[in-house]
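Open the model in your viewer and follow the stops below in order. Each stop says what to select and what is there.

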Amino acid sequence: MVFEPPPIEPSSLEPADQPPDPNRHPIRVVVTDDLHRSRLTVGFRLLLSIPLWIWLVIWSIGVFFAAIVNWFLTLIKGRSPLSLHDFFASYIRFTTHLHAYFFFAADPYPTFTGKPGYPVDVEIDPPERQNRWKTLFRIVLVIPAAAIAGALVGAPGGGGNSSSYDDQSSGTSSWESGATFVSGLFVLSVLVWFACLARGRAPHGMRDLFAYGLRYAAQTWGYLFLLTDRYPNSDPTEPPADIPEEPRPVRLAVNDDLRRSRLTVFFRLLLFLVHLFWLVLWGIAVFFASIANWFATLAIGRSPRLLHRFIAAYVQYIVHVYAYVFLIANPFPGFVGAPGTYPIEVEIDGPERQHRLKTLARLFLALPAFLISGTLNAVLFFVAFFGWFVGLFLGRMPLGFRNVGAWALRYGAETNAYLFLLTDVYPYSGPWEFAPPRPVPPPPEFEPEPEPAFT
Amino acid sequence: MIPDGLELPDVKETSLFPTSTLSQAESYERFVRWDFVLAQVVVIAVVAVYARIGPKFVRESAAGPIGTGMLLAMLGLGLVWLLQLPFGLAEFWWQRRHDVTLASYQEWIVNGWFGLGAEFLFVCLAILIVVGIAQVIGDWWWLPGGAAFVALAALFSFVLPYLIPGQEPLRRPALQASANSYEHQLGLDDIPIKVQDVGGETTAPNAEAVGLGPTRRVILWSTVLRRPFTLDEQQVVVAHELGHHARKHIVKGVAWYALFAIPGAFLISRITRRRGGMRNPEAVPLGLLALVVLSTLALPLQNVITRHMEAEADWVALTLTQDPQDAEGLFKRFTYAAHADPSPPTWSYILLETHPTGLQRIEMARAWRAREQSTP
């Protein structure tokens, strides 16, 4: 299936008084942010957030002890007590608000109580009965989700607070307290800081990426603190991302059925070796072709068709091979990057006119995209690592893992296409492929012309 | 050259080694032998099963015939590796128990994994040649394919000296002077003598002659340069390895390989015709089975060739060093250090022994001495 922004019938958009989807996750992030940013608060955001961080540290001390009590009570009673549930829910909301503020995913200064209504907010369902086995082993079960959330956002509760409930002499506290500040989203927030200062608006795609990261982190901490026994969902369909206004020259196409061959999963890394070898050899040729392409695009204002095709095949091949080694797809890929041959691939438009100034500075301009790609690749790595075990035991890849991996691959392909001058449209970081379809405005009501009066 | 009609004297092993040493060597080797036999049986069984079920894995590939062939070949090798793991582990445990290896289990696992990676790359190259050529000329692939494999073997022999890690120049002036003298006597150009540090991995003594033409060299394992080996014994080792170069054994080895590879490729092309020939990737598992069976059948013949070459190098070493006593001492030490059975059972000798037995080597040293003494 190729992800286009398909229109849907207006009738299906009816809000409807239907009961909530029973499959929906009990912890959800709701985004009502309008992307507007105050340049003044953006400029001083790091300093402005200091009181919030201090409060988070103090709160986290209470959370640590309450989490132990909650674990025993949930194990005995089979559900989290309402008072403790609300306490953790407020804590997770506050943590999410703080991170949204700190990462420029929202603009208003958050309250210290985690009061609902923030532009990037968390909805948490009331406590429900939980499986006692899952409660007993929660600290182990949470590890894969915590690794992914850690790569995105940092340590539980935002990382900055974690030192409070660690043994100070253990040496781990300084690592955890710095986790937020080395997490993927923090690195990206530096880019967003510049963008917000310059334009007074947050980039749309980045805001959606941050919202995804915060949602996944909120679900992970909710799982850790026993607010639910539903595992965090890595599928980038939630919270709904926006579809970019302009058509994208690099689009993801997914035809994967999630089935994985256990034998090839077991040997996946070694089976990749021959492709790695070929990737390097072809990469050398692409390096020289890219230099030629740079000169040609600068001279004639568009990439020559032959070079475009050669480099696009390489970009396509990278997607095939990475999809294979990171378990986002199952079949052994071919060696020529032929379009239409692989379950996970990107469609790349033909050569278009490109802005010469953008071409001139392409290497420099591509650097932020590489940073974003690096963050998504860190998630891709964890997805592959944990997906390897799942694939080996179940013979399937979880849908969420597959989708987040496909998103990372598409962004990587867009970045490569931008670097290699296949397009001058900047990579879009939000998971728009997984966004709900854009509504089609209803046709204007037919108003019959007034009948001429017979005279 | 070993003189025609050279008769080896009949030496009793009990006259050379204490009974305890012999029983220990026999016990050690018995385990290794049966472990090998069982592993070989499992390999053939696994590859036979894979020849039947392997074609199903075609659906796991989105690649063309060459890529799919590579996948099927790698999966076959991977399965063999997986099912051989217990045997490999058992052998490694046995070697550790007898202090033949000093490597840890972690090193064994990592090395095994890297080794499998190298095998995967090699088999991909082989499939690229075979299936690639078969796409163009069909069942006649065996002719240029066989030639290509021979060329690859020659290339591999040429570059092998650069692929062996941890080589240092020989820093023993006396031994180097002897090596220079032997090279001069053999009419060889200056051949570098290198030392490979294997101290952290094994206690077994070994040395090898590698390379072709300008890349020729002798590599001594660091274990040979340590006690209890004396300088005279080390000279025998160096002379033996230079003997390989003087007799052009590596070139001859490539030539012998050609004599096996080209008919072998022909047989594989015939066998795989029932699956559409090697142009069809579904024939790759059957081709793999044919290769394993043919290699096993060829093993005794290959061992005859290598044993002859080793005996020839021993004779050259005896002629150069004029020291049968130390040669005999060296061969005895091999028995002690590597727990080598000086007279293994005949079936093991035929299937497994790439070198003459310890007893045969000692007999050759005595035959050389007797011959020298009888010559006026």
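Start with the two domains of chain A in this predicted model: the centres of domain 1 of chain A and domain 2 of chain A, taken over C-alpha atoms, are 31 Å apart. To colour them, select 24-167 + 175-224 for domain 1 of chain A and 250-434 for domain 2 of chain A.

Next, go to where these domains touch. Domain 1 of chain A brings 15 residues to the contact, and domain 2 of chain A brings 12 residues. On the side of domain 1 of chain A that touches domain 2 of chain A, select α7 (143-152), α10 (184-199) and α11 (204-224) of chain A, each of which supplies at least two residues. The most comes from α11(A), with six residues. By type, the residues on this side of domain 1 of chain A are 11 nonpolar, three polar and one charged.

Chain A has 17 helices and four strands. Its length is 455 residues, and 47% of them count as buried. Among contacts in chain A with a separation of 6 or more, 79% are between residues 24 or more positions apart.

The last stop is in chain B. Select helix α4 of chain B, residues 142-163, and find B:Phe149 in it. Is B:Phe149 buried or exposed? B:Phe149 has 22 other C-beta atoms within 10 Å, and 20 or more count as buried, so B:Phe149 is buried. To finish, draw a C-alpha to C-alpha distance from B:Phe149 to B:Asp326: it spans 41 Å, and the two are 177 residues apart in sequence.

Methods:
Residues are numbered from 1 along each chain as its sequence is written. Chains are lettered from A and ligands numbered from 1 in the order in which they are written. This is a predicted model: local features need pLDDT of at least 70, side-chain atom pairs count only at pLDDT 80 or more; totals for chains, interfaces and linings use all residues. A residue is buried if 20 or more other C-beta atoms lie within 10 Å of its own, exposed if 12 or fewer, and partly exposed in between; C-beta atoms are placed from the backbone. Two residues are in contact if their C-beta atoms, placed from the backbone, lie within 7 Å. Domain bounds come from an automatic or database domain assignment. Ala, Val, Leu, Ile, Met, Phe, Trp, Tyr, Cys and Pro count as nonpolar, Asp, Glu, Lys and Arg as charged, and the others, Gly among them, as polar.
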